[in-house]
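Here is my note on the model, point by point. Please read it with the structure open.

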Amino acid sequence: VDVTEKEMDNITFKSDTVLSDVHLHCPNKRHLMVRLNAAGQPVFLSYFKLLGNTEDLASEKCVREARTEREDQYRSGDKLCDEDGNHLRKEIEFSNKEVEALLDGDGDLDVVRRPQSISDLEAEDLLRDRVYPVILMKGKEDAFEDEGQECTCSDVVRIEHTMATPLEDVGKQVWRAAFLLADYILFKRDMFRCCSVLELGGGTGITSIIMGTVAQRVYCTDVGEDLLAMCEQNVALNKHLMELGGGEIKVKELDWLKDEFCTDPEAPYSWSEEEIDDLHHHCTVIMAADVFYDDGLTDALFRTLYRITHSLRNSCTVYLALEKRLNFTLRHMDVTCEAYSHFRNTLRDLETLQDRKIKYTAEPIRLDFCQFLIYERIEQL
């Protein structure tokens with residue numbers, strides 16, 4: 001692929017492309033493009049730092065607000081410095097300036113726009129953070145040298161992911177709800193210790209990896225050989241984190257549109273009879289993050305939940321994390337949350353289901369628990 005670094009700095013995505021902004025929240029963080037996957041999509045390697053003391057992540061001294069990468073690395077006293085020790089203009093000077101909302105004569109908001117002609121020096125003064133992907137040529141392993149020291153730390157999660165995909169491949173990206181669920185796992189780590197866990201729609205595997213630091217066994221499931229191979233690679237990249245807690249992660253295929261587990265020994269990521277039996281006898285936690293964006297898949301997920309929970313020997317808690325996405329639709333001529341509304345209706349149907357063998361109850365979880373990963377915990381989570 002003949003792409004210059006300058007071209008990668010100004011990527012333009014097509015209208016049907018879905019983009020997660022999780023990795024964009026790390027200011028000036030370089031993401032290494034390591035390869036192209038089987039679909040020809042660029043795969044990037046990102047480093048996500050766990051905030052706080054990883055030896056006691058549930059302590060009262062946890063971090064309650066995410067800090068930017070620049071503040072985290074270059075803070076000197078109460079002043080921000082660059083790598084050479086030179087003081088930078090504080091971004092807070094920009095963020096704290098009150099902007100008056102002026103109305104014109106008709107009562108419309110008069111927006112002060114950025115000038116069309118602006119010098120490069122003035123543009124730099126705006127201190128706008130951008131992501132600069134780095135293209136690595138095959139065989140240039142020394143390009144990882146700087147990152148190699150960081151990745152051996154016990155407070156860094158390494159994840160291979162894509163940055164933009166069609167809707168059917170969104171599992172290859174990292175999403176906020178996965179971080180939210182990971183935060184809750186770290187905050188309640190004693191509650192999940194030594195559990196047997198099933199994740200539905202595991203995607204890149206970041207939530208299962210965090211769960212693997214405390215749980216005894218995690219079955220991380222999704223569908224698609226390319227996606228599962230990426231997930232398995234991420235598990236291998238973070239093996240040192242799981243070894244600290246003695247956890248095990250197994251990457252498996254689980255298609256919500258099928259009624260049975262894949263047990264074909266010739267198929268990659270299939271289940272053995274022993275693994276299915278282990279899941280049914282020991283699983284007490286099921287989790288899923290940001291998988292409610294399509295009504296058909298939402299219905300299929302709840303059917304899968306019903307089928308699996310009916311086969312479990314023990315009672316089980318299901319943790320669902322999602323982002324309530326607002327969209328303007330021409331059909332309603334208003335801002336709606338159709339995918340979220342369908343999720344809530346389906347959840348309500350599950351609660352009112354008349355079943356003699358099993359009963360489902362749903363409870364919201366307050367989001368005032370500590371934040372251990374750098375992302376924006378927005379109100380819609």
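**Notes on the predicted model**

1. Asp 290 is found in the loop between S14 and H12. The model is a predicted one, and in it Asp 290 has a positive phi of about 55° although it is not a glycine. Most residues other than glycine have a negative phi. Asp 290 counts as buried because its relative accessible area is 9%, under the 20% cut-off.

2. Cys 194 also deserves a look at its backbone: it has a positive phi of about 70° and is not a glycine. This residue is in the loop between helix H7 (189–192) and S11. Is Cys 194 buried or exposed? Its relative accessibility is 55%, so Cys 194 counts as exposed.

3. Val 291 lies in the loop between S14 and H12. With a relative accessible area of 6%, Val 291 is buried. Which residues does Val 291 contact, leaving aside its neighbours within four places in sequence? They are Leu 200, Gly 201, Trp 256 and Leu 301. From C-alpha to C-alpha, Val 291 and Trp 175 are 9.9 Å apart in space, with a separation of 116 residues in sequence.

4. Helix H11 covers residues 273–282, and its buried residues are Glu 275, Ile 276, Asp 278, Leu 279 and His 280.

5. Helix H9 (residues 225–237) passes a simple length check. Its 13 residues, at 1.5 Å a residue, should span 18 Å, and the end C-alpha atoms are 18 Å apart, so the two values agree. Buried in H9 are Leu 227, Leu 228, Met 230, Cys 231, Asn 234, Val 235 and Leu 237.

6. The volume of the largest pocket is about 1,200 Å³. The lining of this pocket has 37 residues, of which Val 318, Leu 320, Ala 362, Glu 363 and Pro 364 are the closest to its centre. Two or more lining residues come from each of helix H6 (176–187), H12, strand S15 (317–321) and helix H13 (338–351). Which element gives the most to the lining of the largest pocket? H13 does, with seven residues.

7. On composition, the lining of the largest pocket has 24 nonpolar residues, six polar and seven charged.

Terms used. Residues are numbered from 1 along each chain as its sequence is written. This is a predicted model: local features need pLDDT of at least 70, side-chain atom pairs count only at pLDDT 80 or more; totals for chains, interfaces and linings use all residues. Side-chain values use heavy atoms; hydrogens and water are left out. Buried means under 20% relative accessible area, exposed over 50%, partly exposed in between (1.4 Å probe, protein chains only). Helices (H or I, at least four residues) and strands (E, at least two) are DSSP runs, numbered from the N terminus. The expected span of a helix is 1.5 Å times one less than its number of residues. Contact means heavy atoms within 4.5 Å. On a 1 Å grid over the protein atoms alone, a cavity is a set of points where a 1.4 Å probe fits but cannot get out, and a pocket is an open set with protein on both sides within 12 Å along at least five of seven lines; lining residues have an atom within 4 Å of a point. Grid points are joined across faces, edges and corners, and a volume is the space filled by probe spheres set on the points. Ala, Val, Leu, Ile, Met, Phe, Trp, Tyr, Cys and Pro count as nonpolar, Asp, Glu, Lys and Arg as charged, and the others, Gly among them, as polar.
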